[in-house]
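Please open the model in your viewer and keep the selection tool at hand. The stops below follow one another, each with something to select.

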Amino acid sequence: MTLLMLCCCALSFSAGTTRRRGSCRGGLWLRQNQTSTSGHTEVGRCFLVFTFTAADTIYLKFSLLFFLLVWVSEIMLQQTQVATVIDYYNKWMKRWPTVQDLAAATLEEVNQMWAGLGYYSRGKRLHEGAQKVVSELRGQMPRTVNSLLKQLPGVGRYTAGAIGSIALGQVTGAVDGNLIRVLCRLRAIGADSTSPAVTEALWSLANTLVDPERPGDFNQAMMELGARVCTPKGPLCSQCPVQSHCHSHRKVHVKQEANSRKLLGKLDKKPSVLPDIEDCMNSGTCPLCPSEPWDDELGVQNFPRKPAKKPPRVERTLTCVVIRAGEEGEDEYLLTQRLNKGLLAGMWEFPSLLQEEKSSEMKQKKALCAEISKKLGTRLTDSLLQHVGEVVHIFSHIHQTYVVHSVRLKDGDSQTQTENAQWLSKSALQGAAVSTGVKKIVKLCDSVHGQKDETTKASTSEYLFLKMYLTLKMTVPTADSACIIHVCCSRSGWKKTKDRWRQESSDL
Ligand code: SF4
């Protein structure tokens, strides 16, 4: 509480002077002005020195916290929309509010928290970064864009620019997907936006445009402009605050003007005063000029231009849901852990085998069965594996189809297991470090097994109904059939017959 009050005091002390970069820089201001205590009494000086020291500590803690908040959010927001991230972000920061807390967590806990957010290596790298900050950098965060790039795993050029400008006040641009779109449209850059020449041009433009006084705010404002106004489809040019600077917007008008002149039969006698990007002096050799012709229908959406996407790799994976009856009566599933590198590193999944084109499905089923037997220390035959269905899951670069089988073990079959394998109940599985693909497989099994249960229930009640009906009919041959059916339906629970009986009772 005292610290908080001192912090407020320190910040309000700085409020009337220079707070260009937001209140979090108040402590910095104090640090820079520690010599201004002359004229105070000794007691007052001591108090102020103490206040400054406390403010420094608070500033340090606050800036570390702010750094962590920006770092985590920027990593989570890579390839993921804000709406999806919010929940994960809140839970994450609640569980690991400091970099030390995060460093002390296990990879398993990190994967568990990240489950469902996709691109799992991001969580792993964030964790590695926190451990590095604590063990190698003695709890100090990198203070420049270059050191961010060099010292933090998983931090690329954009993330370093974003963290550097937002958390550290570094004067640097931050070119993400939104910025690429906005800048390509503003400058009518029509060459492939992923080419090295365009990438460098965009970074140079972003570094030139960034506001040196408020780089973080400027970069965030540009991202917001891209996300809300200059959107990929249906950009709101009429509401755009930078419309008057926008080359592609002007180009649309030039084209429209030319088209309407043509329509009216007035061929241009004097050329338009507005420059056309196609008039580029270096046209033909310019690495930023459009590589494809202008499409009138697309308007400003002619920019940016992207290369044709590579089709995703197609893969099929044979997977088996191994089930046993748990001690609590709830079914338990066998999960195995993936390797600590590559796709879904360290995550848990059902025993699986990537299908090879050359090998037959039967052969691979046998191989999967042998793998499971090895894990369980028992012998299973592939004929026990029941085909359940298929689940499709799209990763960014892989079109994955899981060919799902299941097997229910007898008591003696499930006692032993090897390292990197564990049994989890369904409720534990929902909160474990498993991918969305695994959750889809559980859903498929539930729906198929649920249908089977219904069929079993229906056939059992039908059997009970018939048995009761025949017994009653033989015992009391004169009894009214409708009454017997009614009684048998109620007791056997065979709803179908009950419904049918309602329809047909008049005939009986
Ligand atoms: Fe984007 Fe239109 Fe604004 Fe240009 S005027 S920056 S195309 S929204």
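**A tour by selection**

Begin by selecting Trp294, which is buried at a relative accessible area of 15%, where buried means under 20% relative accessible area, exposed over 50% and partly exposed in between, with a 1.4 Å probe and protein chains only. Before moving on, note that residues are numbered from 1 along each chain as its sequence is written. This is a predicted model, in which local features need pLDDT of at least 70, side-chain atom pairs count only at pLDDT 80 or more, and totals for chains, interfaces and linings use all residues, while side-chain values use heavy atoms, with hydrogens and water left out.

Next select Phe303, which is buried with a relative accessible area of 1%. A cis peptide bond, with omega of about -5 degrees, joins Phe303 to Pro304. Most peptide bonds, by contrast, are trans.

Now move to Ala188, where phi is positive, at about 50 degrees, although the residue is not a glycine; at 2% relative accessibility, Ala188 counts as buried. Finish at Tyr119, another residue other than glycine with a positive phi, near 40 degrees, which at 38% relative accessibility counts as partly exposed. Most residues other than glycine have a negative phi.
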